[in-house]
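Please keep the sequence and the structure at hand while reading.

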Protein chains: 4
Amino acid sequence: MIIMKKDASKQEIDNVVAEIKKLGLRADISHGEALTVIGLVGDERRVNFQHLAVLPGVRETRMIEAPYKLINREYSDAFQDPGKSRVIRAGNIEIGGDSPVYIAGPCAIESREQLFRIAEEVKKAGAHILRGGIFKPRSSAHFWQGLGSQGDSEAREALSWLQEAGRKFEMPTITEVRGEYKAALIAEYVDILQIGARNMYDQDLLSTIARQGKPVLYKRHFGASVEEFLSFSEYIAVDGNKDIILCERGVLPIGKGKSFTRYTLDIAAVPVIKKESFLPVIVDPSHATGRRDLIYSMSCAGIAAGACGLAIEVHYNPAEAWVDAAQAITSDELAEIIDTCNRIHAVTVERRKINKTGV
Amino acid sequence: MIIMKKDASKQEIDNVVAEIKKLGLRADISHGEALTVIGLVGDERRVNFQHLAVLPGVRETRMIEAPYKLINREYSDAFQDPGKSRVIRAGNIEIGGDSPVYIAGPCAIESREQLFRIAEEVKKAGAHILRGGIFKPRSSAHFWQGLGSQGDSEAREALSWLQEAGRKFEMPTITEVRGEYKAALIAEYVDILQIGARNMYDQDLLSTIARQGKPVLYKRHFGASVEEFLSFSEYIAVDGNKDIILCERGVLPIGKGKSFTRYTLDIAAVPVIKKESFLPVIVDPSHATGRRDLIYSMSCAGIAAGACGLAIEVHYNPAEAWVDAAQAITSDELAEIIDTCNRIHAVTVERRKINKTGV
Amino acid sequence: MIIMKKDASKQEIDNVVAEIKKLGLRADISHGEALTVIGLVGDERRVNFQHLAVLPGVRETRMIEAPYKLINREYSDAFQDPGKSRVIRAGNIEIGGDSPVYIAGPCAIESREQLFRIAEEVKKAGAHILRGGIFKPRSSAHFWQGLGSQGDSEAREALSWLQEAGRKFEMPTITEVRGEYKAALIAEYVDILQIGARNMYDQDLLSTIARQGKPVLYKRHFGASVEEFLSFSEYIAVDGNKDIILCERGVLPIGKGKSFTRYTLDIAAVPVIKKESFLPVIVDPSHATGRRDLIYSMSCAGIAAGACGLAIEVHYNPAEAWVDAAQAITSDELAEIIDTCNRIHAVTVERRKINKTGV
Amino acid sequence: MIIMKKDASKQEIDNVVAEIKKLGLRADISHGEALTVIGLVGDERRVNFQHLAVLPGVRETRMIEAPYKLINREYSDAFQDPGKSRVIRAGNIEIGGDSPVYIAGPCAIESREQLFRIAEEVKKAGAHILRGGIFKPRSSAHFWQGLGSQGDSEAREALSWLQEAGRKFEMPTITEVRGEYKAALIAEYVDILQIGARNMYDQDLLSTIARQGKPVLYKRHFGASVEEFLSFSEYIAVDGNKDIILCERGVLPIGKGKSFTRYTLDIAAVPVIKKESFLPVIVDPSHATGRRDLIYSMSCAGIAAGACGLAIEVHYNPAEAWVDAAQAITSDELAEIIDTCNRIHAVTVERRKINKTGV
């Protein structure tokens, strides 16, 4: 990255950008309150940094070792207060701000009635963002794949319900985008675009979603290290979209015999990501465990570990949910979780303010 | 699945298909030499099989327990000789036939000259199918992503080189398809469409590729069990394409400290897949190990385990390959591997003929 | 297991035990406040439960499906209040009781002075139990293996320091037992015997340690599922020792590239174990992460998830610790952790009392 | 390590050894045909190699980076022909020599008759070494643990059967040693001492077994990387025993859903170990797969990958074996495997002789 001098002129910045283009790379310009930092997009191993360092207006050049550069904390610390994280806005909600954000709703939208009833309930319980699956990734090609997979008009209908419910109950909305062809359609209706765990590595999909210009909720693949997770989130950032909410949702369980949970929630990923990147990180206890009776404990653990939010699946009648019935909780349980988690947040927040990165 | 009587009429078959549609499912019809079997596409848990069993012309109905149904050996054993595998044709090459098939070529196509030189060399060494990456999946968004990622005209140019080289040296061709938007373009030029390991779970991409009407080489994700691998390959089959070549290319290594290989080649997946499915299975020792010095041993092991082919990366100057240089071998080494592997095949083929599934 | 009637006489119980012996099994007798339950030790698959069910004084017989039987919550729920856990006493400390227990001390005892200084500090910080390694399991045969490995007199000397420090600062003590030959020696001096993660599967060692008649702290192997962990803890229980404190300390990280932590703390193991067994479970954030800067967050997460204690490595000069320097914290940090964790416990304890198993 | 000059005198060697002792380390002396190399046992990070390099008779000093030093190929290549492996003798059998060695016998010894019948059969089938479990490691504390676990006289009786059968059918014998207390007893009767996968990390047990002065068959833990496996085998070597046969027997399977095999045979470990160490490596297809129908393919793959032998469980009536019945094969199948494997060996041996390390 190239750190410009405090008094660097626009022309000097433009000149650096032009030099970067000559090298066959692109520039990512970040204006901080006091100074401007230019990140390089492309293979900087071929770059002669000495040459860039002596251009007019350049204070210093620095190589970021990690494969994730534009989302790296080292990068953001260069142009803003060290330790400050990115706050992402969706409607009037701030993710990564001062208080935890709760995303809740049904796993899959089953009908207008089901969605509206759950939306109303989770709003009352204290949720901030409304989720609802329309294109469902499924482990079997023979299973129901969500209302959106039944056809274009069904997709538009379900998307409009989600939009309406979000407006009525004053919550920004989120749904998963499973393929490139549907990205633009979904972005017409929904406030946050979700990339599911199974698609984490799908770089063409990442680029397509990044370009819709909406915040992205990006879930870690169950076979990915934190380093890989951050490296692939860079595919979204290089397409000009840094409104990325990272989501830990569990990795493959280890060992012979029963693990008793669907995945293994990697709780340490929360503080690790906060040290490595300035992006906000949330926890999804529903998919991590696949068990309703563990949501309370894992939610508490997530907030205690420093997550800036939770994504939880809720149904008024969990046993009857069409998809992932075993992990849905009721809105009463959600209310209790939100209350406890807010209190845990209050217990830990002070020390985390002292420690700049919030760990 | 529904097994029709030997003398079932076309009308009886059509009638069964119509009944299946009424149930909200689709029918996959497989005509064997003597009889016809109809597979169900959709959630058969809601089906009343008793009702189907008494339709005219139906001999019996049978539920396949596994989540992979249309590619299941149980299914194919019902309409053809038990143990017989699917033979997939690309050009005049048969994959899954009597002798091992060798896919070889550069990891990435770097230039016309590089491709043609390697094509000529691997043909001489005994290779049957020419590979060459044009859209490369990379671990960093900042790395070079292949000639195809540089723009549409570059993509078409590289694709046409591959087509030409294939024609000139009489080898069908294969390249990886990384995103939905490029599938049709690539299918214009190339004989076999490859789905990379990182995209194994990407169900929308699978459907789009399936519909191009070309054989598909489908690689196992490094975090997927064999059961998941087979279950997701079903996403290709339900879209009407059963010309699927399965490829074992290694799973995540286990344990602290060095594994000394990039991935862990799951050699037992070869006979396991042959028992579970009638699809042919090959081994990719290059990506599995990431080490040129292990390709010989892993190729021998792959054929000894019963694989019906190998995919190997070759470069005339491995150290200078732009991508994955550490794993490329020379065509001399390829020739030696092909010779040894053919002899190992000869040693084991007789017993495998006796054991119907080739294990 | 065999549940006796409330008014079963001693003779009736003895008679059942005698019948069990005739079957080639042993009996594990648990007297609850109101009734007595007899567990079977041995392969109950060969047992005719019908025969036992009609013996005088027997109320009912029940087969426990899980491979862990004597430590199973189903077993303890039969003879005591459902949901009640085992409280293990070491000195005047209760593990598994009403408030979290903190185990702290140096990774390895380096000298009398080092131990006493740390002991004094951790006591002041609020720790309850003093830890200190004397026989260290190491990843290299060439590394220093702890004072105890230098010879018998060095072992006795270090053990007596630990005993003294425990007495002086009024903390029960704990150290790891790495081999059968040393078990009795260590049990002479120390209050709780620790079985390290690497020895989790070592069944002969488990039996030998079990027979020393002291509480055992039993750590999960990094490659073991929770089911295996519980199944192998049964090796301690069948030798008559149920004073087993289970310790989650992380499993193998998943994925290519950096995990940023030594292991992956499986935080969901805490509530899972509380549902499956009546044994108390603690968390070791030091070994799980191997990073001092993550201990605070992981400690908070552990208690928030319902752990009944923590084991933390402390050094007055972490950078100079002979072993695992990167993960030691100062006693000031410990004090802050204990304070925060106690407050998190207070926030969650009420709801956990309502939910019987504390999840 | 310290490489002595060709003409170094005994006194010069002794002098170097004395200097090493002064540094608080021990010396491992290896006499090659032409020269002598001295390995250091202990933490060489504290050693001033410059000081040792100028001692009389010293040609050069070299630091081995890997944590495994005395079993490192770099070490053996310094005192013998590069690429030459260690040949271990048990009776008149050579492991690591010119032709593959087959270890066969029952999983567990059930009776004198069972053992003798199987011994006779496997000898006829071409086996070289007789295996038979007497102390069985089991996944449940309630299962039968082998005849040896029933008492001392039963243990001696079973051990004497094994000794007798070995003599009668002219095969050296091998059995597993599960705990320190039994090591000396077993070493009285048996030619090769086996350390099971679950005990791989058990360093006190390793030291105790090493000191029995018999060859050791050392199995890789299912959660261990190759680096860890080699690092822990060093615990045997530092106690003066380098007659270590390494055994690959599978690691934890990856992914959700069925793996269809008990473990994942890490076939690439075979050539990797041959490059990293001069110790011989064999493959155990029985425990790796847990499935009789895969033994043929995995045996072929093991020898094709360059293993110097196989360990296979055989029973005249597999379905009735008391332990691991699903993985035992008949001696007829064994004969077929040995025949095929010898032919595969013949196909690959020439190239492997050219490539010095046999990869």
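## Basis of the description

Helices (H or I, at least four residues) and strands (E, at least two) are DSSP runs, numbered from the N terminus. The model is a predicted one, in which local features need pLDDT of at least 70 and side-chain atom pairs count only at pLDDT 80 or more, whereas totals for chains, interfaces and linings use all residues. Residues are numbered from 1 along each chain as its sequence is written, chains are lettered from A and ligands numbered from 1 in the order in which they are written, and side-chain values use heavy atoms, with hydrogens and water left out.

## The interface of chains A and C

With contact taken as heavy atoms within 4.5 Å, 46 residues of chain A meet 46 residues of chain C. The buried area, which is the accessible area (1.4 Å probe) that two parts lose on being put together, summed over both, is about 4,000 Å² between chain A and chain C, and carbon and sulfur atoms give 65% of it. On the side of chain A, the residues that lose the most area to chain C are Ile254(A), Phe260(A) and Arg351(A), together 17% of what that side buries.

There are 4 salt bridges between chain A and chain C, a salt bridge being a side-chain nitrogen of Lys or Arg within 4 Å of a carboxyl oxygen of Asp or Glu. One of them joins Glu336(A) to Arg351(C), with the closest N and O atoms 2.9 Å apart. H12(A) supplies the largest share of the side of chain A that touches chain C, namely 8 residues.

## Helix H4 of chain A

Helix H4 (residues 112-125) of chain A has 14 residues and spans 20 Å from its first C-alpha to its last, close to the 20 Å expected at 1.5 Å a residue, where the expected span is 1.5 Å times one less than the number of residues. Its buried residues (under 20% relative accessible area; exposed is over 50%, partly exposed in between, with a 1.4 Å probe and protein chains only) include Leu115(A), Phe116(A) and Val122(A). The buried residues of H4(A) pack against strand E7 (101-105), strand E8 (129-131), helix H5 (152-168) and H12 of chain A. After H4(A) comes Gly126(A), with a positive phi near 110°.

Most residues other than glycine have a negative phi. Asp324(A), however, has a positive phi near 50°; Asp324(A) lies in the loop between strand E14 (309-313) and H12 of chain A and, at 22% relative accessibility, counts as partly exposed.

Phe260(D), also not a glycine, has a positive phi of about 70°. Phe260(D) sits in the loop between strand E12 (244-248) and helix H9 (269-276) of chain D, and its relative accessibility of 15% makes it buried.
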